[in-house]
Amino acid sequence: MKRIFMIAVGLLIAIILVLVGFGAFLNYRDENNIARRMSSRVLRLHGVKAEVRELSGRFVKESLRLSAENMTDAVSRMEGTIAEVYVAPNQLVKQGQPICRIVSEDIEMRLAQADVNIARAEAVRVRYENAYGRYRRLVDMDAVSKEQYDDVVANYKSATAEVEMLKIEKQQYEILKDRLTVTAPIDGEVLMLYKKAGGFLQAGASVALIGNFNKLNFKESVSDADLQRLGGYNNAWNVRFSKNDLDKIYSGKFGAENRGYTESFTARIKKIDPPLAAEASLRSVQWEIDNTAGLLEPKRYQNVMFEEKERRRVLAVPVAAFVNDERNSVFVHEQDVLKLRTVESGIMDGKYCEIAGGLEPGEIVVVSGKEGLTDGTKAEVTFEEVEPVGN
């Protein structure tokens, strides 16, 4: 009985080993079949040729803050009641032009008192001047002593100095009186009037906001590669702002012949720091926007569209050809095989992107089904319909 049991166990183990071995064989054969099929598989993809076409760079700034170099308050340096305001909102003013006049009774009284004091001192000076003339003749005739003459000379000089001192004191009050007239600190437009006639002003209080918004600026940090795409100082850009952002905060004038919400503004790069001659991976770029239309103001704007004014003839491929957000890799179809190629991209208009290096005209790039592709994959590429070159 025990012998029969051992034989049965041995047969069972042998059957299991045979089944395991047969399963491993089947698995190996299937893997080979799959690998053979994969190696012989040909993907069917869509592609386009790299071609020279006319492009104008285009990009969107999600947010930017415009600022004005020329905008400041007209500030009172004196305390008093506003007697008269000489300007109105939106009025153009020149530097030094009166904005308002302040009344200060204290200064007027001090000026009147200064005139009285000067008159008194002048009378004393004249008296000593006459005495000085007489004593100078008498001392020459030895009619008076030298000590008497010196006293008269001293009195005359003292009286003269007193008059000069009182005149200087009056000049100080006249300067304070001049400060009662608040003037424009710069050339520009009266954007806001904070005070009206009859109001009381403390020293240091703002009376009006004066500004010139014809040129507005904003700054951004840009990499060297992106700066090359922008074209440096020579490139001009059309800039369009969202209709919802063109509501005015200040009471500035609209420029003549402005096109309202459809206005396109001209922007240029004004300053690059560090300069292009210095090596740097990141630079601060200051843009200047022509706002003679008067529609823009110093504030934050959203979703601002930039587009180059001039179109360039460049080698380009569809944006869809790139395999990453950095736009530096594409799949090129060469003799029924896909090759992952590193390229240098340039300006982009939203649909097509310049290829500044890494591709030649006529080479075919894949624009569909790029997910999961690897270098060396076999593929058949059919051409997609694209816009004619020059459009």
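This is a predicted model: local features need pLDDT of at least 70, side-chain atom pairs count only at pLDDT 80 or more; totals for chains, interfaces and linings use all residues.

Biologist: How close do the axes of α2 and α3 come, and at what angle do they cross?

Modeller: They come within 8 Å, and the crossing is at roughly 160°. Angles over 145 degrees count as roughly antiparallel, so that's what α2 is to α3.

Biologist: How many residues does α3 have, and how far does it reach?

Modeller: Helix α3 covers residues 146–178, which is 33 residues. From first C-alpha to last it reaches 48 Å, close to the 48 Å expected at 1.5 Å a residue.

Biologist: Which residues of α3 are buried?

Modeller: Tyr149, Val152, Val153, Tyr156, Ala159, Val163, Leu166 and Tyr173. These buried residues pack against α2, residues 105–140.

Biologist: Why would residues three or four places apart point the same way?

Modeller: Because an α-helix has 3.6 residues a turn.

Biologist: New topic. Which residues touch the most other members in the largest nonpolar core?

Modeller: That core has 29 residues, and the ones you want are Leu66, Phe241, Phe265, Trp287, Ile289, Leu296 and Phe306. Several elements give two or more residues to this core, including α4 (224–230) and β16 (300–308).

Biologist: Which element gives the largest share?

Modeller: β14, with four residues.

Biologist: And what does Phe265 touch?

Modeller: Leaving out residues up to four places away in sequence, its contacts include Trp237, Val239, Phe241, Ile289 and Leu296. Apart from that core there's another one of 21 residues, with Val190, Leu201, Val207 and Ile210 among them.

Technical notes
Residues are numbered from 1 along each chain as its sequence is written. Side-chain values use heavy atoms; hydrogens and water are left out. The expected span of a helix is 1.5 Å times one less than its number of residues. Buried means under 20% relative accessible area, exposed over 50%, partly exposed in between (1.4 Å probe, protein chains only). Contact means heavy atoms within 4.5 Å. A nonpolar core is a set of buried Ala, Val, Leu, Ile, Met, Phe, Trp, Tyr and Cys residues joined through side-chain atoms within 4.5 Å. Axes are lines fitted to C-alpha atoms, for helices over the stretch in contact, and angles run from 0 to 180 degrees between N-to-C directions. Angles under 35 degrees count as roughly parallel, over 145 as roughly antiparallel, 65 to 115 as roughly perpendicular and the rest as oblique.
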